[in-house]
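Hi,

Here is the model for you to look over. My notes on it follow below.

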Amino acid sequence: MAAKVANSTSKVFQNHDDVHISFEDQQRINRFAKHNVRMDNLKMELEMKKNDLKCVEEALEEIELFDEDEDIPILIGEVFLSHKLNKTQQLLAETKEEAIKEIASIEAKAKVIKAEMDELKAHLYQRFGSNISLEN
């Protein structure tokens, strides 16, 4: 009797559409998962860099109101250094250019990863149909 109960309960949990997952398919699923985590990390990093860029742009706008003779403190690392207006503007402009390059680099990496994820997603959905969920 116990065998019938165990057998009937196992049937409840069995999927009628059993799909064999090959080693290659498992590798694709794992690669998709890794790329998904990388995309999440890149999105967070991109958001931080865009916020940094916004802060630098606001600082550039604010210091235009200062006199040229005034020393302007600028945070570099964990230390404030005082520079004249022109030098501070130059440092902020360099920081802005660097931030723009970093943002472009992150976006390029994300684009490459997204393309590979789309390719993997298409292949996996074609192979497994509704038996797999690749959405966040």
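A residue is called buried when its relative accessible area is under 20%, exposed when it is over 50%, and partly exposed in between (1.4 Å probe, protein chains only). By that cut-off, aspartate 25 is buried, with a relative accessible area of 3%. Over the chain, buried residues make up 23% of the 136 residues.

Two notes on how to read this. The model is predicted, so local features need pLDDT of at least 70 and side-chain atom pairs count only at pLDDT 80 or more, while totals for chains, interfaces and linings use all residues. Residues are numbered from 1 along each chain as its sequence is written, and side-chain values use heavy atoms, with hydrogens and water left out.

Fold

The chain has 3 helices and 2 strands. Both are DSSP runs, numbered from the N terminus: helices are H or I with at least four residues, strands are E with at least two. Along the sequence the pattern is α-α-β-β-α.

Salt bridges

The count comes to 9 salt bridges. The rule is a side-chain nitrogen of Lys or Arg within 4 Å of a carboxyl oxygen of Asp or Glu. Side chains of opposite charge can pair when their charged atoms come close.

Start with arginine 127 and aspartate 25. They form a salt bridge, with the closest N and O atoms 2.9 Å apart. Arginine 127 lies in helix α3 and aspartate 25 in helix α2, so this pair ties together parts that are 102 residues apart in sequence. Their C-alpha atoms are separated by 8.7 Å. How accessible are the two partners? Arginine 127 is partly exposed at 36%, whereas aspartate 25 is buried at 3%.

Glutamate 116 and arginine 31 make another salt bridge, with the closest N and O atoms 3.4 Å apart. Here too helix α3 meets helix α2: glutamate 116 lies in α3 and arginine 31 in α2, so the pair ties together parts 85 residues apart in sequence. Glutamate 116 is partly exposed at 28% relative accessibility. Arginine 31 is also partly exposed, at 35%.

Lysine 114 pairs with aspartate 118, their closest N and O atoms being 3.1 Å apart. Both residues lie in helix α3, 4 residues apart, which is about one turn of the helix. Lysine 114 is partly exposed, with a relative accessible area of 39%. Aspartate 118 is partly exposed at 36%. Elsewhere, salt bridges that share partners join Asp25, Arg28 and Arg127 into one network.

Largest pocket

A pocket is found on a 1 Å grid over the protein atoms alone, as an open set of points where a 1.4 Å probe fits, with protein on both sides within 12 Å along at least five of seven lines; lining residues have an atom within 4 Å of a point. The largest pocket has a volume of about 190 Å³. That volume is the space filled by probe spheres set on the points, which are joined across faces, edges and corners.

Which residues line the largest pocket? They are Lys49, Asp52, Cys55, Val56, Ala59, Leu92, Thr95, Glu98, Ala99 and Glu102. The lining divides into 5 nonpolar, 1 polar and 4 charged residues.

Surface patch

Ile76, Val79 and Leu81 make a nonpolar surface patch of about 230 Å². Patch residues have over 30% relative accessible area and no salt bridge, and nonpolar side chains (Val, Leu, Ile, Met, Phe, Trp, Tyr) are joined within 5 Å. Areas come from the Shrake-Rupley method with a 1.4 Å probe. Isoleucine 76 sits in strand β1 (residues 72-76). Its relative accessible area is 42%, so isoleucine 76 is partly exposed.

Best wishes

Conventions. Patches are made of residues with over 30% relative accessible area and no salt bridge: like charges are joined within 9 Å, nonpolar side chains (Val, Leu, Ile, Met, Phe, Trp, Tyr) within 5 Å. Ala, Val, Leu, Ile, Met, Phe, Trp, Tyr, Cys and Pro count as nonpolar, Asp, Glu, Lys and Arg as charged, and the others, Gly among them, as polar.
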